[in-house]
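Here is a briefing on one protein chain. Look at the fold first, then at single residues.

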Amino acid sequence: MNPNSHVLLSSLGVGPTRRTTLYSLGDETVSSEYSSIALLQLLPETKRPSQLLLALTPEAMAQHLRFILEQAKQLRVGCEFVEVAGNELPDDSAVFLERVAHAVPMNSRVTLDVTQGLRHHAFLFYAL
């Protein structure tokens, strides 16, 4: 395992509007539109992933990309995206797994956030 590579793997879907939610860990509470950003804010620096990797449909990318990049930059966390099946792409689990697996650096430690993505993404992440 590469001790310097710690990835927070998550996904996002689309919604009618973005909304802020309160997230808590221990005695700390933060307000964020994104669970992955909240987790990065709540984790102590020694346990915080250095990279955020998001699986996004093209529709979700259009809705969230700018906001996620801004917030990741403020937290000094690298941010990458993997395009996965949306309305225009066939929903193929094997393609999803291949694309996401290819994007995760070898021997990385991975933290999963399955809070906001499409429901079946959580199962695919566990299979990965």
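Among contacts (heavy atoms within 4.5 Å) between residues at least 6 apart in sequence, 70% join residues at least 24 apart. The model is predicted: local features need pLDDT of at least 70, side-chain atom pairs count only at pLDDT 80 or more, and totals for chains, interfaces and linings use all residues. Residues are numbered from 1 along each chain as its sequence is written, and side-chain values use heavy atoms, with hydrogens and water left out.

**Overall fold**

- The chain holds 4 helices and 6 strands. Both are DSSP runs, numbered from the N terminus: helices are H or I with at least four residues, strands are E with at least two.
- Starting at the N terminus, the order is β-β-β-α-β-α-β-α-β-α.
- The radius of gyration is 14 Å, which agrees with the value near 14 Å for a compact globule of 128 residues. That radius is taken over C-alpha atoms, and the globule rule is 2.2 Å times the number of residues to the power 0.38.
- Along the principal axes, the C-alpha atoms fill a box of roughly 40 × 40 × 25 Å.

**Surface and charge**

- Of the 128 residues, 38% are buried. Buried means under 20% relative accessible area, exposed means over 50%, and partly exposed lies in between (1.4 Å probe, protein chains only).
- The accessible surface comes to about 7700 Å², and carbon and sulfur atoms account for 51% of it. These areas come from the Shrake-Rupley method with a 1.4 Å probe; for residues, only the protein chains shown count as cover.
- There are 10 positive and 13 negative side chains, and the centres of the two sets lie 7 Å apart. Lys and Arg count as positive, Asp and Glu as negative; His and the chain ends are not counted. Each charge is placed at NZ of Lys, CZ of Arg, CG of Asp or CD of Glu.

**Helix α4**

- Helix α4 spans residues 119-127, and H121, A122, L124 and F125 are buried in it.
- Those buried residues fall within an arc of 170° seen down the axis of α4, so they line one face of the helix. The arc is that of the directions from the helix axis to the C-beta atoms.
- Their cover includes β1 (6-12), β4 (51-56), α3 (93-103) and β6 (109-113).
- On the other side of α4, R119, F123, Y126 and A127 are exposed.

**L40 in helix α1**

- L40 sits in α1, residues 35-42. L40 is buried, with a relative accessible area of 0%.
- Leaving out residues up to four places away in sequence, L40 touches L8, R48, P49, L52, L75 and V77.
- From L40 to E80 is 40 residues in sequence and 15 Å in space, C-alpha to C-alpha.

**Loop between α3 and β6**

- V104 lies in this loop. V104 is buried, at a relative accessible area of 16%.
- V104 touches L53 and V110, not counting residues up to four places away in sequence.
- V104 and H6 are 98 residues apart in sequence, yet 9.6 Å apart in space, C-alpha to C-alpha.
- N107 belongs to this loop too. N107 is not a glycine, but its phi is positive, about 60°.

**Loop between α2 and β5**

- R76 is in the loop between α2 (58-74) and β5 (78-83).
- R76 is exposed, with a relative accessible area of 73%.
- Phi of R76 is near 60°, a positive value in a residue other than glycine.
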